[in-house]
Amino acid sequence: MSAENLSFYNVPPDTYPDNEVMVCITCLSQIQRQQPTNSSHWGFLSETMWSDKQAIRVLTWRMLDRMKSETWAADNLEMMYMDDDTQKWAEAGKDTDGVLAQVVHKDANGNILQDGDSVVLTKSLDVKGSSLNLKMGTMIRNIRVVNDDDGQIEGKVNGQLLVVLTKYVRKQS
């Protein structure tokens, strides 16, 4: 965390008292998912997890939980202790942190997919529960993203509604 460009951040939900913490602009943009989470910026969490202030510990737990695929974050998360009320607060805002959790769908090349886009299959796929085989290069128009799963989209092929994994599609421009 930088000592410059500090601002106040209210750790949601606002129903908890004394929920205000001071964070740098880089932290704030990553907390609110305006920028990707850069784990090298968050090394100080190993110290803040021991803070006496509940709001700091809640925010620390949430950021460690977000980065738990990294060994250092998972280790710290495992060591961290919070009383039941503080833990409930931390879990109440898990993965929202002041913004609605937005699931971002990306194609095989990392392009963002949205409702109404057209995609092309990058691999031939067998459709489960059917004898249908979708060939590589098959176009799927007017897709819909699956709101709670960033790895899936829906689209119609030959009049049949299918769920397709995003890792097997490429966005058409």
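In this predicted model, M82 is in contact with R57, W61, Q87 and A90, when its neighbours within four places in sequence are left aside. M82 belongs to the loop between α4 and α5. With a relative accessibility of 6%, M82 counts as buried. Between M82 and L45, which are 37 residues apart along the chain, the C-alpha separation is 15 Å. Two of the residues that M82 contacts, R57 and W61, also take part in the contact of α3 with α5. Q87 and A90, likewise contacted by M82, are found on the α5 side of that contact.

The packing of helix α3 was examined next. Two packed helices are described by the angle between their axes and the distance between the axes. For α3 and helix α5 (residues 84-92), the axes come within 9 Å and the crossing angle is roughly 50°. On the α3 side, the contact involves Q54, A55, R57, V58, W61 and R62. These residues meet T86, Q87, W89, A90, E91 and A92 of α5.

Helix α3 also packs against α4, where the two axes come within 8 Å and cross at roughly 140°. The contact is formed by W61, L64 and D65 of α3 together with W72, A73, N76 and L77 of α4. An angle over 145 degrees would count as roughly antiparallel; α3 and α4 are therefore oblique to each other.

Within helix α4 (residues 71-79), the buried residues are A73, N76 and L77. Because they cover an arc of only 100° around the axis, these residues lie on the same side of α4. An α-helix has 3.6 residues a turn, so residues three or four places apart point the same way. T71 and E78 are exposed on the other side of α4. The cover over the buried residues of α4 includes α2 (45-48) and α3 (54-66).

Several features fall in the loop between β1 and β2. P13 lies in this loop, between β1 (6-10) and β2 (20-24). The peptide bond from P12 to P13 is cis, with omega near -5°. T15 is placed in the loop between β1 and β2 as well, and is exposed, with a relative accessible area of 69%. T15 and M49 are 34 residues apart in sequence, and their C-alpha atoms are 22 Å apart in space. D18, also in the loop between β1 and β2, has a positive phi of about 55° although it is not a glycine. The relative accessible area of D18 is 56%, which means that D18 is exposed.

A positive phi of about 55° is likewise found at N142, which is not a glycine. N142 is located in the loop between β8 (139-140) and β9 (144-145). N142 counts as exposed, at 57% relative accessibility.

The cysteines were considered last. A disulfide is a covalent bond between the sulfur atoms of two cysteines. With a cut-off of 2.5 Å between cysteine sulfur atoms, the count of disulfides is 0. C24 is in no disulfide, and the nearest cysteine sulfur, that of C27, is 3.4 Å away. For C27, too, the closest cysteine sulfur is that of C24, and the distance of 3.4 Å is too far for a bond. C24 is buried, with a relative accessible area of 0%. C27 counts as buried at 1% relative accessibility.

Definitions and conventions
Residues numbered from 1 in each chain as written. Predicted model: local features only at pLDDT ≥ 70, side-chain atom pairs only at ≥ 80, totals over all residues. Heavy atoms only, no water. Buried < 20%, exposed > 50% of the residue type's maximum accessible area, 1.4 Å probe, protein only. Helix = DSSP H or I, 4+ residues; strand = E, 2+ residues; numbered from the N terminus. Arc of directions from axis to C-beta. Contact = heavy atoms within 4.5 Å. Axes fitted to C-alpha atoms, helices over the stretch in contact; angles between N-to-C directions. Parallel < 35°, antiparallel > 145°, perpendicular 65-115°, else oblique.
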